[in-house]
Amino acid sequence: MPQDEFLVQPRYLAGAGDISRVLQPLVQVHGWPHENNPAANRVAATSPCGRIEVLAEHQIFHLWKVSVRARPGDAQPLWQATFSKETPAEIVGSLTQALAADRFVAPLEIVAEWPGHPDAAWRPLLKAGWTPSDRTAAHFGDGEGGTVSVDVPGAAGANVTVVDGIRLTSPDGKASLVHTPKPDHLFSGGLVGRWTIDAAFGPTWDDQWTAVLTAATPMRYMAMLTSAVADPTPVVRTSAQISAATRAAASVRPAPPPRRTNPLRSFEAEQAAFNPRHPNQGHPLRR
């Protein structure tokens, strides 16, 4: 590595980094067709099957939009994930690379009719030391898999019961996962409430990011995403990519000099580290 490069951890405080790492593997490794429309400030890659689109929209708050459709050409996606522009590329890439690989090895998982139980999403964070809010913690041991039932104000002042209200916070207090409750009369078809992951480590928009995933997001991919957020492995950033807020909030140290290796093996190792569906990084299928 050039000496201008640094290792930053935790990765959720590292900033966006090299955003080309999101689309390039889809186009160059997986062969996805892509569109580059400078006039519309957008770049998109679409899977050959037409069900998955990864869109980069510049100059707006949500830079990345990942849409998964049940059938090619559907007007509305079955589920969708959006990431604001400062989301680390390694975190966005964990989702897009998983979808690209699963299109071959687990195509039905991408459009699973029942997303799975939400506890799969927060388990990697609990293992990494993230702490639940007091109310969440009180219900993790309730024998119901972490389900929380609370009353919130509804229409015309009436109370409605909502389910699965969960909030977890990182050990440094700078990142959180929230599972937004939804009224129980809308809790149908196996859907769960919306998911939000965010990090804030400075006073400006450039020092925070947000990821929002819709109700039907399969828990398989939520678990991959939260695993990527909690991964303690440092990420590489150049000095120009590290903000003052990151230097103050995260651990930043010079990257070690490169070791002389076979370049093909180096490329394979990089793909393994970046692709959660690689045999060295794989997550089991749902049973």
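Helix α2 is mostly covered, with 15 of its 17 residues buried; buried means under 20% relative accessible area, exposed over 50% and partly exposed in between, with a 1.4 Å probe and protein chains only. The model is predicted: local features need pLDDT of at least 70, side-chain atom pairs count only at pLDDT 80 or more, and totals for chains, interfaces and linings use all residues. Residues are numbered from 1 along each chain as its sequence is written, and side-chain values use heavy atoms, leaving out hydrogens and water.

**Overall fold**
- The protein chain holds eight helices and 16 strands; these are DSSP runs numbered from the N terminus, with helices as H or I of at least four residues and strands as E of at least two.
- Of the 287 residues in the protein chain, 44% count as buried.
- Contact means heavy atoms within 4.5 Å. Among contacts between residues at least 6 apart in sequence, 59% join residues at least 24 apart.

- α2 spans residues 89-105 and reaches 24 Å from its first C-alpha to its last, close to the 24 Å expected at 1.5 Å a residue. The expected span is 1.5 Å times one less than the number of residues.
- The largest nonpolar core has 57 residues; such a core is a set of buried Ala, Val, Leu, Ile, Met, Phe, Trp, Tyr and Cys residues joined through side-chain atoms within 4.5 Å.
- W64, F83, L95, L99 and W209 have the most contacts inside that core.
- Leaving aside neighbours within four places in sequence, L95 is in contact with V66, W79, A81, F83, Y221 and L225.

**Aromatic pairs**
- The count comes to three aromatic pairs; rings of Phe, Tyr and Trp (its six-membered ring) pair if their centres lie within 6.5 Å, with planes under 30 degrees apart stacked, over 60 edge-to-face and the rest tilted.
- Y12 and W130 are edge-to-face, at 5.9 Å centre to centre and 75 degrees between the planes.
- W79 lies in strand β6 and Y221 in helix α6, so the pair ties together parts 142 residues apart in sequence.
- W79 is buried at 1% relative accessible area, and Y221 is buried at 0%.

**Charges over rings**
- R103 lies over the face of F104, 4.4 Å from the ring centre; the rule asks for NZ of Lys or CZ of Arg within 6 Å of the ring centre and within 35 degrees of the ring normal.
- R247 lies over the face of F6, 5.8 Å from the ring centre.
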